[in-house]
Amino acid sequence: MTVPADVALGDATDPLATLIRLFVLQRAVPAALLDGVLDAEELAAAGILEAVGSHVRAVVDVRPYGSPDDGASGLVVSDLTPGLDQMMAPTRPDYVLGVSPASTTLAQITMRTPIGSALDLGTGCGVQSLHLSHHVDRVVGTDVNGRALELAALTAALNRADIDLRAGSLYEPVAGERFDLIVSNPPFVMSPPTSEAATLTYRESNLEGDRLVETLVRGAADHLLPGGSLQLLTNWAILDEPWEERLRGWVPEGCDAWFIERERLDVFAYIEMWLADAGLAGTERWRPAYDEWLAYFDRLGIRAVGMGWVLITRAGRDVPQVRFESWPHQVAQPVGDVFARNRAAVDASLLPLPSCLPPAPHSSPSSRRPSAVRARRTPSTSCSVSGWGCSGPSGPTRRSPRSSAPSTAT
């Protein structure tokens, strides 16, 4: 809702108030108020502003973005927010989503270890690339949506971020390349396939069911450097078989995996959420679309939808460590550091126990001097094997444009 902010601005016509009304509140403003502030003609030629008589209005959304955790604060460019002030309308197929609860969650779970290279797969407005640019030497952002690449380029330019933007689907734009980190909030919505012209590219593909997510997971090893990781915020289908067994089959050879289900929706709640997101609520298209989704899910055997986080690491183990958890409870974000420590924690858990236990003196009855040593556990036990430390308790332990759309398991 923009009314409270508009009321707070009152009669102010200073440059800041004018820009807030123009870009954030999506209001037309007198062109004269932009003299000396913006070059309205140049921005109109670039498709950022549009003349409406003696006024101008924004064609895109440019708004401040703050991230005190990693300093990735600046300006993000996206398409205008649909449904603002309850003005519901169908979403354009090439719509570019701005910062959403889902994209914020992905940023908060992403590992922030300084690294050499990262891939932002499905960059959208470029907000993940903006985060990555603060701790990665080389960032590549890809998207199948040409409009998304245009707006991501504006986001990068406004923040002086050096991002290599490329067009293409899935891993195609980076064929033959490997990265230390791949992050993605992919278009995972499992909607019935439609014509390419009707596909909402920011949220869905025409791959059946959760095949897109499966493809990303299966192909990760071919695009990760040794020790590199893929992090996804996504969803997957719940069929009659246990979800753990089905997703285990996706994990590439030699990779560790950690799947965390943060939320589960029945098919009705899932369908209603995404139909509303598409702007169909209250329209005559609602029920026909609802029935189409139900028939599609029934054909695929989808009983529910799991939503959560995925970590795939090219660990190179003979016996990969694959874990599944359901955690619907709140977490204290950010948790990127938890994922960053995961590989070291797994390595430590696999260390031979005797190597981590200090010798304890064992005295014979006839002597006070130790005649043998015995390994025993102590609360302060610590050791370091192959460069990794392990310790006991006393040591170091440690997607949607509309308000109805989910945070995708924040």
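Is R112 buried, partly exposed or exposed? R112 is partly exposed, with a relative accessible area of 25%; buried means under 20% relative accessible area, exposed over 50%, and partly exposed in between (1.4 Å probe, protein chains only). The views below show a predicted model, in which local features need pLDDT of at least 70, side-chain atom pairs count only at pLDDT 80 or more, and totals for chains, interfaces and linings use all residues. Residues are numbered from 1 along each chain as its sequence is written, and side-chain values use heavy atoms, with hydrogens and water left out.

View A. Helices (H or I, at least four residues) and strands (E, at least two) are DSSP runs, numbered from the N terminus. With neighbours within four places in sequence set aside, R112 is in contact (heavy atoms within 4.5 Å) with D70, A107, H131, L132 and H135. D70 is 42 residues away from R112 along the chain, and their C-alpha atoms are separated by 8.0 Å.

**View B. Packing of helix α4.** A102, S103, T105, L106, A107 and I109 are the buried residues of α4. The elements against which they pack are β4 (60-65), α5, β9 (179-184), β10 (224-238), β12 (304-313) and α11 (336-340).

**View C. Lining of the largest cavity.** A cavity is a set of points, on a 1 Å grid over the protein atoms alone, where a 1.4 Å probe fits but cannot get out; lining residues have an atom within 4 Å of a point. The volume of the largest cavity is about 50 Å³, taken as the space filled by probe spheres set on the points, with grid points joined across faces, edges and corners. G126, S129, L130, A152, T155, A156, N159, A161, I163 and L165 form the lining. At least two lining residues come from each of α5 (127-132), α6 (146-158) and β8 (163-167), and α6 gives the most, with three residues. The lining has six nonpolar, four polar and no charged residues. In this classification, Ala, Val, Leu, Ile, Met, Phe, Trp, Tyr, Cys and Pro count as nonpolar, Asp, Glu, Lys and Arg as charged, and the others, Gly among them, as polar.

**View D. R147 in helix α6.** R147 is buried, with a relative accessible area of 16%. Apart from neighbours within four places in sequence, its contacts are V59, V60, D79, R92, D94 and V96.

**View E. Buried residues of helix α12 (residues 342-349).** N342, V346 and D347 are buried in this helix. They lie on the same side of α12 because they cover an arc of only 135° around the axis, the arc being that of the directions from the helix axis to the C-beta atoms.

View F. Q333 and P334 are joined by a cis peptide bond, with omega about 0°; P334 is placed in the loop between β13 (322-326) and α11. Q26, in the loop between α2 (15-24) and β1 (29-30), has a positive phi near 60° although the residue is not glycine. Q26 counts as partly exposed, at 24% relative accessibility. R160, in the loop between α6 and β8, also has a positive phi, near 50°, in a residue other than glycine. R160 counts as exposed, at 82% relative accessibility.

Note on methods: On a 1 Å grid over the protein atoms alone, a cavity is a set of points where a 1.4 Å probe fits but cannot get out, and a pocket is an open set with protein on both sides within 12 Å along at least five of seven lines; lining residues have an atom within 4 Å of a point.
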